[in-house]
Each structure stands twice: as structure tokens, then as C-alpha cells.
Amino acid sequence: MKCNGLLGGRAWLLVVSAAALIASLTLVSSPAGAPRATAAVLTPVSAPATIADKDKVYLKDGRVLEGKITKELDGYVWLLQDSNGITHEEFLKPGDIEKVVRAGDGGGAVKPADDTKTDTKAADKPKPPAGGAPRAAILTMEEMVGIQMAAKPLKDAIPLLEKDGVNVVVLKVKSGGGMLLEIQRISDVIHNEYKQRFRTVAWIESAISAAAMSSHCLEEIYFMPNGNYGACTGWSGSLVAVKGRELERVLLDMEKISARGNHPKEIMRAMQISGRDEVLTELAIEPPSGKLSADIDPATGKVTWYQDHSGKYILNPVANIDILTFNAPDAEKFMFSRGTAATKEELTKLMGYQEIEWVGKPKNGYAWPVSDAEEMQIKWRAEITEAQARLNEYFQKYGVAVQTAQSMQTKSDRAVWVAKARGHLDFLRQLAKRFPNIGLMVGINDDWFKEQEDMLRQLLR
Amino acid sequence: MGKINGRWLATLTLATLASVAGTYGSALAGAPAMPRAAITMVDEDTLIFKDGKVVTGKILKEDATTIKFKGSVGGIEFEADYKKDDILEIKRAKVDPKGEKPKPADTKPADDKSKAPAAKEEPVAPSEGGVKYYTMELSGHFGWDISQTPIRDCMKEAVKGGADYVIVIMNNDWSQGPKELSEDRKPEDAAFDELFRAEDMDDIFSTDLRSYDKPPKVVFWVKRAMGGGAFLPLVCPTMYFSSDGKLGGIGNLTKLFGGTGDEVVRQKQYSLRLKHAEGIANTGGYSIQLLRAMAIPEFVLTVAYPNGDPVLYERMPEGPGEFLLTDDGMEANSDTAKALEAGEGNDVLTLTAKLAQDLRVSKGTVDDIDQLKFELGISRSGVEVKSRAKQIMEGWSKGLEQAMRDLRRLRGEANAIQLGGDFTQRTRARGQKKQILQKMQGILKKYGEVFGEERRLGMDSDLQREIDLLDHDQTLDLQQQRRKK
């Protein structure tokens, strides 16, 4: 089994690669060598064809948001957006807005956001999606990607969130990374399922390596004051880097995921590979390297990114360290994050709400109410952690039962131990079914179980 | 913030800014007579906010985090609650505006002044019913004697006792080797990776505080904060040093992995670790440049004090008013043995009391608890919360030491058990061994956090596997006995 990891943090564990994942991704042309690129990603968050009857807000980062302006005050705009029947309200700061085009303006009447006057509804609160304060839930995504932080519990939580009438999901991330194979799965669940149903935002305490790559499909990212995000270099074994064609595939995959989140691809590349020129030879990949710099337009605040050092601010390397990881102040300064919040109350404000109804019950040790969906995440992590730690015990129980059966002289004695072995094998099967990545890590799959069944049957002859 | 609306605040700010400007003008002109504005300053409490706003009036009530304030605008009185975090400075009325009793600040006994730095007025902290403070000392080996369970227990006790301040004396053991043979580490020794043990504890002094109805203000008093111990004080905005205090011992970040593996992966490891550490500094509000100078031998940092406040430059000094903090440590710049022995190395930064104060990391240098109380403004109003911190911390250390001895002893006892003899003897022996292994599991459950959760679970699982094997052998043995009969 081939092992490639993206694990960050303290654990030097071998983690398993996703050959299947990589194979399943469509290759596009290799990255062009154009070193200068602007951060302006013109893909709208939602782009229905009938734009004439919607207000449009052009942002300085290049995005165009459409919907209904529900409130304006001193240049701040509250925009109610509709995505597949799910509405959410976006709070936009004057400094982020390039211009506003109102429904009925015929597309021609352009009015700078700063000129917007307080209308008669100015005293109203931002309009919540369903006539009251929006209902929000915090889901924690923690520990190792592919084990504790996985797509499955996230997907399983959707019905619970819908049952609770949740409009806003905050994915609070605290993970040092993990398996490459899980990145695309998590990204798909977030992009295809969550973003279609809920206003989904990331709240980053620590998103290192695979955790950052899994969260990268989200446009709306907030940091905690101690937050960090990046260091996405793939490796395995004794700090050996993923190289060559396999690395090119991962780089391309992350360009696609960057596009999902409307993040300039240059940022993720600087998180994945270093900016030293020789790194291209070492890693056997095409240019550009992971050099990164940026300019901030003093008038508009717009950030322009460069995959070289031609910008005013050098982001990679920093302090002689040659892989990009954002801290909270830099993420905010360069508009990668939309702000820094230490508490859910601060986050509420940053998201543009006066008030949020947080779904769930108080729970000891948690600074926010814990919803049923979050309980599911907590339970998943506890169970898989236990299963991972006890794996050797389970294998030993099975192995000892098999050995004992093999040592028995009579068929009836063997049958007793074969029955015990089958019990332990069933347990392993259930475990692999519930936690497929654990099965993958230790190489137990359908074929292995079939071999074991055959062997046990032989013992009964 | 206050309960008054924005328009009121704007009016109030303009009015009070005018008052302050008047005071400033008078002072600059050297006018000896007390102008009206100055009388206001003396007679009323003044709050100067971080955003420049100023309000005057009377402090009605205050605790460690908030101030209830009464003022008036255009003759109309208002009351508002303010967060202390939003306030830059509190100027208290020397004479109570309503002619009530003088405030505690004015009743300071003369002998108190002898303890305080010359010409320094004691700040005044909330004093209604006394200001409760709680002290805990973190001593011993970091991550071992200093661990999350006893610290959390102390903090719970402090909160239960209604402490307004929790004073944490950081004094970790920086020696190496077993206790009986321990010797001081070399100045260049470092332990950056104790960061992750620090992260097991730093929440107790930061995010966990928010879960309390009345969170105490945590104050670190640094005697020795080295290795992982350097990170804990950095999570708190308020830090004092003792005269011989030191904070550092984390200067090996870019040497952690030697030449293992590919450079790009080593860089990844450095990057993620640095940002974890910077997160701690961000939480406490400290300069990440200083943290980098403490952690990265190649990082160059210079300081100047153009207006008295430190300004940092990521380059070598370029003028007489600039002082080198750390050079790049390369070739001729590498610290010599003599410089290291003299404590004058500059490849990485170690904060001393003076440097920490100059760099605005430390709010002051104090050598006993009375001085610290004075600095906090609670030398008279401070009431110590009954603390079992010493017992809790020592109890943990002794318990841990005993636990490690017990683990070694029990392991030896388990290994010494012979599983021979007849069925009864074998059964007894297995029972004894199982009991010992279960005792070991119990010890690990209580003290295993010092190994980290992952390793603790692994050790527990290994013991469980031994127990499972004993159970299996016993079952098999029993079957054979029955068959014999």
C-alpha cells in the first residue's frame, strides 16, 4: 500500500494516500508559467441569469454578489441572497464594495456604495432569513483529517441541521492535517451539500495541511485570534515530500478547490511548495515555485497577488521560513479571512448579524450551544479515536482465536475457537464498515475478509 | 460597550475632548492656576478609551472587567456600563465629586510608599468589598509537574473563591536530567516543541475564562519561563518579571529536524509550528516579531526607541539609536562559546526583566508579591483568596513521581510472576498479574496526560492486550482442565 501523508502537527505518523482519489480527478493542462496574477476572481457566488430584477454588489476583490438589498447604512450593505431556495444575508463593508447596481437601474446606473444614503428602513435590523434571527449551528471539525475529521459525519449531520431549521453553519476547524484522500471528500460535501443548503462559513482555530485544503472551498473564512491556516506540503515517512506527477496532480486539484472558494490559486501553491528556485528540481515539477507576494491598493483595499516577489508585501518566505501559513492578523490584512473573532458573539457581528439564534443545548466545556448535529461530530470523534487506539487489541483477539483454533486437535474444539474468531472478525468488519479509512489504513477490505472466512471454513473441515 | 447610543457618545466625546485639550494646553503653558478643565479632571473620574473617546463623571461601581459609570451631557445625566478592555486609562477623582469619603487611593499609608518605586502612584483597582486575588506557582518540569489537570483545579478554586485576579508565578525548572543529578542547561539549549504541551494548557488562561460568569484577570509573574514555559505567559496580556526573570529557551525551531527528509517538508514543519506559536502571542497581544526572534536563529531583529516606545526592524542596526536584538547567527555572527557562557548570545532572543520591560512585554519588575500587588493597584484593597494551590501543585508532582515509580515497580512485579505450577497456581498467578496490569491502567488514566493523549491511549492498549492474552490463556486452561476431568 502506498502511503502519502499531509499530516501536520506533532504526530509523525504514516498516513495513507488516496490513489483512488487522485485517479478520479480530471487532469487539466499543467500550470502556466505566468507569475503575475490578480486575485480578482470573477466568478459570482451565485449567478442566476435574470440579473435585471436583482441588486448587484460589485466587490473590490472581483466578486459580484446578487440579491436583494435589505438595508444600507453609512455605506454598509445587507444583501439577501437566494441560492437554490436557501436564503442567507451577506453583510458587506464599505471598504469591500466597488459599486452597487440596483434592480431597475437597467444595468447602467452605477452608484458607489459609499454614496448610498440611509434609507427609510435604516433603523430596521438586518432581515433574517425566515422572519426572525437566523438559526445557526457550530460544527467542530477536529483532529486528524480522514479519521476524526471526515466527510461522513459531516454529511450525516445534514438531516439533523435541517430538522433544527438551521440557516447558518459555522465549521470550526482545529486540526493538524491528515490523509490526502479525505480532502476531496470533505470539500465535495461542503461545496455540493452544505453550501447549497446553508450559509456555510469556516471559523479557523488551526487548519494545517489537509485541514486547510479541506476547508479551502469555503469563500467565507474567519479566524480566531490564535488561528493558523496553511503548511499544506504533502509528505510521508521520514519527512519525504510528495514529488513529481503525483504532486502535480495535487497542485492541480487544489487549484480547482481554490476556485470553489474564490481564493487566488497563488495562495494555496505557496502553502504547498516552497519559494526556493531549486525546489522545482527537488520536487520534479514545473514552475512556478511557491514564492508569494501581494500589493494592497491603498485606495480600494484590493489585494493583488503575485507568484513571485514583485509585490510590496512578501508572504513566502517569511522570517526565513519558506512555506506559507497564515496567522490571524495576516489573513485579515490580506483579505484571506473576513475577520477575526474570539467568541461566537464577535463572529455574529462579523457575519453581519445583530443577533443569531444558536441551535442546541449548553454543554460543559463548550462556549456555544451544542446541537444534535454537533453531538454527532463529538460522538464520531470519540468512537473512532477509541477504535483507532484499540485496533491492535481487536486484531490480537482475532489472531489469538485463530491460532488457538489451529492448535486444537478435535473438530469440536476447533469449532469453539472458530466461533470465537468469527465473532472477532465480525467486530472488525463492523469497524471497517463504520470507519472505512481505518480499514484502509490497516489494509482490511472485502478481499481480506473473504480470505479470512475461507480460512475459518477450512479449519472446520 | 455603553448603553448610550452613538449620537450621545459623539456629543460626549466632543465635550470631553475639549476638556482634555484644555488641560493639556494649560499644562504646556505652565499655568500655575488650576483652570476649569483641570478642576474637572481632579473632581471627576475620567475614562480614556482606546479609540480616543473620553468621558468624565463618576464611577459608580466596578469589577475586574466592567465599569458602571455616571456622567452628564448638556445637563442630562446618563449611566453606562463599559468594558475595561475598551479603556486605555482610568483617571480617578482625587476628591469625590459629591464630597463623600476620600477614595482608598488617597488614604495610602506613608510606609506603603517606601516599598513602591519612587514617585510612582499606585494604580487603583476595583475595591468594593476588597479585591480578591489568588496565587498559584507553576514550578518543576514543564509538561510534567506543570500540567493541565492541577492548573485547571487551581483555576476552578480561584473562580469558586470569587477571585478578581489570578496571579500565576511562572518558575519552571530548566535543568536537565533526573532530579537528584540535575544540572542547569546550557544557554543555547532550547525546547521549542514543548509548545504543544503548552497548547494543552493555554486555554485555561484564555478561552476557558470566557465560560465563567465573572472571569478573573490573569496576571503572569515571570521568574523563569523557559522552553514550553515561555509560551504560557504569552497567552495573557498582563505580565510582570522578577529582577532575574527570564523568558525564552525556544530558539531551536529551525534546527528541530536536523537534516532529516526533504527541506521543503522541514520548512512545512517549521511554518506550522511558528504559526501555532504566533497564535499564542496574538492571543496575548505580543509582537510576533519578538516571538520569531526567540524561536528562529536566522531571524534578524533590531529595536529603536524613537519616542520612548520600541520600534522593531527586521534588519541589522543602521544608526546609533538602534540596538541589535538578534543577528542571523550565520558564520561570523554565530554566538561564540564565551558569549553564550556570559549570557550575551544574540542568535536567539531571551527576554530578561529589563529587556522585557523596554520592549513593553513586561509591565514592570517586581520582586515580591507586595510589589506586584502595588503595581496592580491592590496593595491595600487586595484580599487573598484562600488557596490550596500549593497543595494541589505539590500533590500532583508528588503523585506523579510516585506514579512513575509505581509503574516501574508494578512492571517488574508483573514480569516476575511465573505462570507455571498446577492449574490453581496458574489461575492465581494470572489473576495476580491481571490485577497488577489493571492497577497500571488506573495510574495511566490519572497521570497519562503528561505523555500526551495519543501515547497514553497506546500504552493503555498495550496493557489491555496483555490482559486479553491472560484471559485467553485462562479460558484455554480451564477447557483443558474440564476435558481432563
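Begin by selecting helix 13 (residues 423-447) and helix 14 (residues 453-484) of chain B, whose axes come within 10 Å and cross at roughly 165°. Axes here are lines fitted to C-alpha atoms, for helices over the stretch in contact, and angles run from 0 to 180 degrees between N-to-C directions. Helices (H or I, at least four residues) and strands (E, at least two) are DSSP runs, numbered from the N terminus. The crossing angle makes helix 13 of chain B roughly antiparallel to helix 14 of chain B; angles under 35 degrees count as roughly parallel, over 145 as roughly antiparallel, 65 to 115 as roughly perpendicular and the rest as oblique. By class, the contact of these two helices of chain B has nine nonpolar, six polar and eleven charged residues. Ala, Val, Leu, Ile, Met, Phe, Trp, Tyr, Cys and Pro count as nonpolar, Asp, Glu, Lys and Arg as charged, and the others, Gly among them, as polar.

The model is predicted: local features need pLDDT of at least 70, side-chain atom pairs count only at pLDDT 80 or more, and totals for chains, interfaces and linings use all residues. Residues are numbered from 1 along each chain as its sequence is written, chains are lettered from A and ligands numbered from 1 in the order in which they are written, and side-chain values use heavy atoms, with hydrogens and water left out.

Next, turn to chain A and select the open sheet of three strands in the order 15-14-16, with antiparallel pairing. Two strands pair if DSSP finds at least two bridges between them. Strand 15 (303-306) and strand 16 (313-316) of chain A are the edge strands, each pairing on one side only. From one strand to the next, the twist averages 30°. Strand 14 (residues 292-296) of chain A joins strand 16 of chain A over three bridges; display A294(A) to find its bridge partner, Y313(A).

Two prolines follow. P288(A) lies in the loop between helix 8 (279-283) and strand 14 of chain A, and the peptide bond to P288(A) from P287(A) is cis, with omega near 0°. P317(A) sits in the loop between strand 16 and strand 17 (325-327) of chain A; a cis peptide bond, with omega about 5°, joins N316(A) to P317(A).

Finally, select E143(A) in strand 7 (residues 135-145) of chain A. Its phi is near 65°, a positive value in a residue other than glycine.
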